[in-house]
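User: I would like to go through some of the labels used for this structure and see what each one rests on. Please set the values against the cut-offs.

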Amino acid sequence: MYQFFVDDSQVGRDFITVTGPDVNHIKHVLRMKPGEVVRVSSSGGQDYQCRILELTDTFVQLDILDSDIASTELPCKIYLFQALPKGSRMETVVQKAVELGVYEVVPVAMHYCVVKLDAGRAQAKVKRWQAVAESAAKQSKRSLVPRVHAVMDYADAVSYAMACDFRFVPYENEQGMQATAAALQSLRAAKAGDSISVLIGPEGGFSQEEIEAVRGSMQVLSLGKRILRTDTAAVATMAMLMLQLEMGTDTVI
């Protein structure tokens, strides 16, 4: 079943009207026909099962079959603060993080980041990453499209992350898995709607100043004995948190 996203204003009592680029995608790319069933999520977070009634060049009319569809969102909002990686790895991070349930991705410029973006390039990159997030949200049947934030510097990113209820920093020089187990156990106290920030360092790792700036206010933890690439670290942490949250806060893996 294909997934689409609409604004609340496009949802009526019995019908949903799809407009914009999705019209061409439904009609000419997917070659869908009246009678086929799709899943639709509104900007307000409501999910619907719908049947295609009419296809035109400017809109697709959908009949609402069921509005009691289970949400696919995690109970807590995960904010992934990702140091800017080189090449196309940021696209991979965004794609996989969205599939694993991230709520927002925040690209962060750190001391050892190889990539340096001026304002123009950063804006273009964020636009591309947002498109990747939307595509991944459709593929994974998310109930919302996670936001890709504008690129932040480290100080602003830390300040933003500090507003979250739970704050974790995987660090390559941290020894032992006790802090990781404690981080998972701390989520037993999480309530629906709580926020979790995860700060991932760049290929060159955190500078000493960067890690000391968050030690004591964020929980520094290890991802094991092996050194992971920055994109692998992001996916590994997201998978760990997703599993814990999907199992319920009363269970610790």
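Analyst: This is a predicted model. A place to begin is the contact in which Arg89, Val93, Lys96 and Ala97 of helix 2 meet Asp231, Ala234, Val235 and Met238 of helix 7.

User: What makes helix 2 roughly parallel to helix 7?

Analyst: Helix 2 (residues 89–99) and helix 7 (residues 230–247) pack at an angle of about 5°, their axes 9 Å apart. Angles under 35 degrees count as roughly parallel, so helix 2 is roughly parallel to helix 7.

User: How many residues of each class are in the contact of helix 2 with helix 7?

Analyst: The contact of helix 2 with helix 7 has five nonpolar residues, three charged residues and no polar ones.

User: Why does aspartate 22 count as buried?

Analyst: Its relative accessibility is 10%. Buried means under 20%, so aspartate 22 counts as buried. Aspartate 22 lies in helix 1 (residues 21–29). Apart from neighbours within four places in sequence, aspartate 22 is in contact with Phe4, Phe5 and Lys138.

User: Why does threonine 56 count as buried?

Analyst: The same test applies: buried means under 20% relative accessible area. Threonine 56 has 17% relative accessibility and therefore counts as buried. Threonine 56 is found in the loop between strand 4 (47–55) and strand 5 (60–66). Leaving aside neighbours within four places in sequence, threonine 56 is in contact with Val23 and Lys27.

User: Which backbone atom lies 3.2 Å from a polar atom of the side chain of threonine 56?

Analyst: That atom is the backbone nitrogen of threonine 58. The cut-off for a polar contact is 3.5 Å, and the distance here is 3.2 Å.

User: How do you know that the buried residues of helix 4 line one face of the helix?

Analyst: The buried residues of helix 4 (residues 154–161) are Tyr154, Ala157, Val158 and Ala161. Seen down the axis of helix 4, these buried residues fall within an arc of 100°, so they line one face of the helix.

User: Which exposed residues does the face of helix 4 turned away from its buried side carry?

Analyst: That face carries Ala155 and Ser159. Exposed means over 50% relative accessible area.

User: What covers the buried residues of helix 4?

Analyst: The cover includes strand 6 (77–83), strand 7 (104–109), strand 9 (152–153), strand 10 (166–170), strand 11 (195–200) and helix 6 (208–214).

Definitions and conventions. Residues numbered from 1 in each chain as written. Predicted model: local features only at pLDDT ≥ 70, side-chain atom pairs only at ≥ 80, totals over all residues. Heavy atoms only, no water. Axes fitted to C-alpha atoms, helices over the stretch in contact; angles between N-to-C directions. Helix = DSSP H or I, 4+ residues; strand = E, 2+ residues; numbered from the N terminus. Parallel < 35°, antiparallel > 145°, perpendicular 65-115°, else oblique. Contact = heavy atoms within 4.5 Å. Nonpolar A, V, L, I, M, F, W, Y, C, P; charged D, E, K, R; others polar. Buried < 20%, exposed > 50% of the residue type's maximum accessible area, 1.4 Å probe, protein only. Polar contact = N/O pair within 3.5 Å; in protein donor to acceptor, adjacent residues only side chain to side chain. Arc of directions from axis to C-beta.
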